[in-house]
Amino acid sequence: MPPDTTSATMSVAVRPSGPPNDASGARLPGDLAIWFFILAELLAFAVFFLAYAFARAGNVEMFNESQLTLDLNSGALNTVLLITGSWFVVLAVQAVKRDATRLGARWLAAGMACGFAFLVVKVFEYSAKFDADISLSTNTFYMFYISLTFFHFMHVVLGMVILAILLVKTRQGAYGSREHNALESGAAYWHMVDLLWIVLFPLVYVMR
Amino acid sequence: MNTLNTAANRTWIVLLVATAITYWLGESGTAGKAGTMAVFVMLGLALLKGWLVIYDFMELRHAPTLWKALLVGWLVFVLGMIVLAYWMGLH
């Protein structure tokens, strides 16, 4: 990918001591602000993940026993959906960057479809748990399972709202090879949702 | 662009394979039987997957080192602390 002059100048300012090839080619996609936002989100989830991990350390048997009731198929299917949704959004950004905006809009819609399917699978998973009279107060494992996955669920919802806005604007021709900053920023957020699930899935559904 | 496209496609395939292995660890009961080894495999796969998402999907492969270090550092720290917590649970 050829670096544009602006980003090359920015990266020189950011890493004055970097190797020459990095200094000329380094570029942070999207707006700087979105990366600070992503960092804040990652830190919030880190607290949640570690609270789960250390609470488990104090009560391994109960966590292992309760974990057996989770639907591993749903968890794995949702991993595939988020990974694939992320990949579609990568293809969307690449298409828009070469001015294939109609194709880019289609990939964005495909990414949203994956996100929607994720939410549907999750709703079925929750309803099965609620039918079995499992709630936040059942035990510490379920308290974490429900709150952690629901917190993530809300991030998928926000990611879909962002993708919807990007889809509309892409269709209107707002982005192309010269202007794609907002698209890259929204895509980075969507990939963060994927990254979080990549840690959450083995931690909550598989590790025992 | 074609090279990038291929990298993203390759990453997607690797992510799917890694997910299938993690799923198998849980579904076959290996995660319970193999204990610590299974935990290292699944968290190692999570490290690989997260790394690929950060580098190829978030497109940080060519980003300033600081940002790569912040995101990969987050991933390594979280997974490392999970290993520590798992180890504490064994004792």
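Reader: Which residue of chain A forms a salt bridge with E59(B)?

Author: This is a predicted model, and side-chain atom pairs are counted in it only at pLDDT 80 or more. Between chain A and chain B the count is 1 salt bridge. In the bridge formed by E59(B), the closest N and O atoms are 3.5 Å apart, and the partner is K97(A).

Reader: Which other residue forms a salt bridge with K97(A), and why does that pair tie together parts that are 87 residues apart in sequence?

Author: Over all chains the structure holds 5 salt bridges. In one of them K97(A) pairs with E184(A), the closest N and O atoms being 2.7 Å apart. The pair ties together parts 87 residues apart in sequence because K97(A) lies in helix α5 of chain A, whereas E184(A) lies in helix α8 of chain A.

Reader: How much area is buried between chain A and chain B, and what share of it do carbon and sulfur atoms give?

Author: The contact draws 53 residues from chain A and 46 residues from chain B. There are also 8 residue pairs in polar contact between the two chains, counted where both residues have pLDDT 80 or more. On the side of chain A that touches chain B, the residues divide into 38 nonpolar, 7 polar and 8 charged. The buried area comes to about 4,500 Å², and the share from carbon and sulfur atoms is 80%.

Reader: Which element gives the most to the lining of the largest cavity?

Author: The structure holds 1 cavity of 30 Å³ or more, and the volume of the largest cavity is about 80 Å³. Its lining includes P29(A), V90(A), E184(A) and H191(A), together with F57(B), M58(B) and E59(B), so that E184(A) and E59(B), both partners of K97(A) in salt bridges, are among the lining residues. By class, this lining has 7 nonpolar, 1 polar and 2 charged residues. With 4 residues, the element that gives the most to it is α8(A).

Reader: How much space lies in the second largest pocket?

Author: Residues of both chains line the second largest pocket, among them Q67(A), Y205(A) and R208(A) from chain A, and G26(B), A31(B) and G32(B) from chain B. At least two lining residues each are supplied by α8 (181–206) of chain A and α2 (30–33) of chain B. By class, the lining has 6 nonpolar, 4 polar and 1 charged residues. The space in this second largest pocket is about 160 Å³.

Methods: Residues numbered from 1 in each chain as written. Chains lettered and ligands numbered in written order. Predicted model: local features only at pLDDT ≥ 70, side-chain atom pairs only at ≥ 80, totals over all residues. Heavy atoms only, no water. 1 Å grid on protein atoms, 1.4 Å probe; cavity = no way out; pocket = protein on both sides within 12 Å on 5 of 7 lines; lining within 4 Å. Points joined across faces, edges and corners; volume = space filled by probe spheres on them. Nonpolar A, V, L, I, M, F, W, Y, C, P; charged D, E, K, R; others polar. Contact = heavy atoms within 4.5 Å. Buried area = accessible area lost by both parts, 1.4 Å probe. Salt bridge = Lys/Arg side-chain N within 4 Å of Asp/Glu carboxyl O. Polar contact = N/O pair within 3.5 Å; in protein donor to acceptor, adjacent residues only side chain to side chain.
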